[in-house]
Amino acid sequence: MSSVMEGGGHYNAHASAQAAAATFGLDVVAAAAATAPVGPGSAVVVADYGASEGRNSLAPVGVVVDAVRRVHGEQQPVWVFHTDLPDNDFASLFRTVADDPHSYRRPGVYPAAVGGSFYEQLFPAGSVGLGWSSIAVHWLSAAPGPLDGFWFTTATAVQYEVWARAGAADWSAFLTARAAEMLPGARLVVVVGAAHGDGPTRRSGAERSMDEVARGVQALVERGLVTDAERAAMVIPAWYRTEAEWRAPFGAGSDLVLEQLELVDIGDPLWRQTRDDPAAYPATVAAALRVSFGPSLLAGLDPDRRATVAAELFDGHLARAIAAQPPEPWFDWRLAVLEIAKPR
Ligand SMILES: C[S@@+](CC[C@H](N)C(=O)[O-])C[C@H]1O[C@@H](n2cnc3c(N)ncnc32)[C@H](O)[C@@H]1O
């Protein structure tokens, strides 16, 4: 099972909703960067947790470098570690950092990568001066158990308890690893999808699309392109947390302090981005869901069938279904923006 995004430049090309989400953390991360302590090699070490192909990291890292250099001077070395799972397309990431006209790349800024799970410690103890993570921590370390469907809102009451416990354990594990890596005085800014509601009303804001994808899977089963067993094994290991769940690990005895948490309802960035060309909305949504959720949903299929099935399911079924409905937004995303500090 894998939580990585579609590679080959496709995630970068179709992740404009995630780019829009990250903008809600830019002021917070710029302020946090201004207080970032200098670490190994006299560099400020910046860790970007769950970078994918890197395009959406360019703006946040750019504001971080600017803020660090306003405080420490234009010569201040900055070491930027983009982290992701080992199967991530790191080649696309380094190409993006090297070539993109909006890259943060400049003399004295050193891009690097770490291939490993952010549920484990990824850096030497006390080395990270500033952490950033955008639209990544809703991915669990693994699917904690079966679901009636493939999206967490299809859980039965018993399944829900299992997934909620796994969501809590993973968030604690993420913070424990960061607490070890961060220098005293360092900050970590997390921008991530959050839940509306709780219990039976908990939802991510993507349910209408996920229900349509489920109908698409059923249609592919009927056409013989997907087997019943493959459909039964499909699961997306994502969990959208409530405010209480984000806050739960902090408090007495915690190594980290939650300095601020803001919930922001951002609606549907793709709807706004296609305002001047509404006919592009269905294909835009289909590609966005394909690059983000296609790889994990279709991980149980033979690798040589995945691309065809993904195209049929998302670019075919989902795009047609959206185009057939009255034009309106299909998402109401909610973000949590968290600023976390390791006390000096
Ligand atoms: C939706 S992408 C976000 C990419 C980028 N930060 C952005 O805002 O567009 C989520 C990323 O988190 C990564 N990810 C998921 N689980 C992870 C884990 N346990 N450790 C490290 N990265 C993980 C995925 O591989 C993916 O690249």
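Is Ala283 buried, exposed or partly exposed? Before I answer, let me note that this is a predicted model. Ala283 has 18 other C-beta atoms within 10 Å, so the residue counts as partly exposed; the buried class would require 20 or more.

Let me place this residue in its surroundings. Ala283 belongs to helix H11, which covers residues 281–297. Setting aside neighbours within four places in sequence, the contacts of Ala283 are with Asp315 and Ala319. Ala323 lies 40 residues from Ala283 along the sequence, while the C-alpha to C-alpha separation of the two is 8.6 Å.

I turn now to helix H3, residues 26–34. Its buried residues are Val28, Val29, Ala32 and Ala33. Viewed down the axis of H3, these buried residues fall within an arc of 130°, and they therefore line one face of the helix.

Finally, the ligand. Which residues come nearest to the ligand, of the 23 around it? They are Gln18, Gly50, Ser52, Asn56 and Ala136. Among the elements that contribute to this shell, helix H2 (16–22) and strand E2 (78–84) each provide at least two residues. In terms of class, the shell comprises 11 nonpolar residues, 11 polar residues and one charged residue.

Thank you for your attention.

Conventions: Residues are numbered from 1 along each chain as its sequence is written. This is a predicted model: local features need pLDDT of at least 70, side-chain atom pairs count only at pLDDT 80 or more; totals for chains, interfaces and linings use all residues. A residue is buried if 20 or more other C-beta atoms lie within 10 Å of its own, exposed if 12 or fewer, and partly exposed in between; C-beta atoms are placed from the backbone. Helices (H or I, at least four residues) and strands (E, at least two) are DSSP runs, numbered from the N terminus. The arc is that of the directions from the helix axis to the C-beta atoms. Two residues are in contact if their C-beta atoms, placed from the backbone, lie within 7 Å. A residue is near a molecule or strand if its C-beta atom, placed from the backbone, lies within 6 Å of it. Ala, Val, Leu, Ile, Met, Phe, Trp, Tyr, Cys and Pro count as nonpolar, Asp, Glu, Lys and Arg as charged, and the others, Gly among them, as polar.
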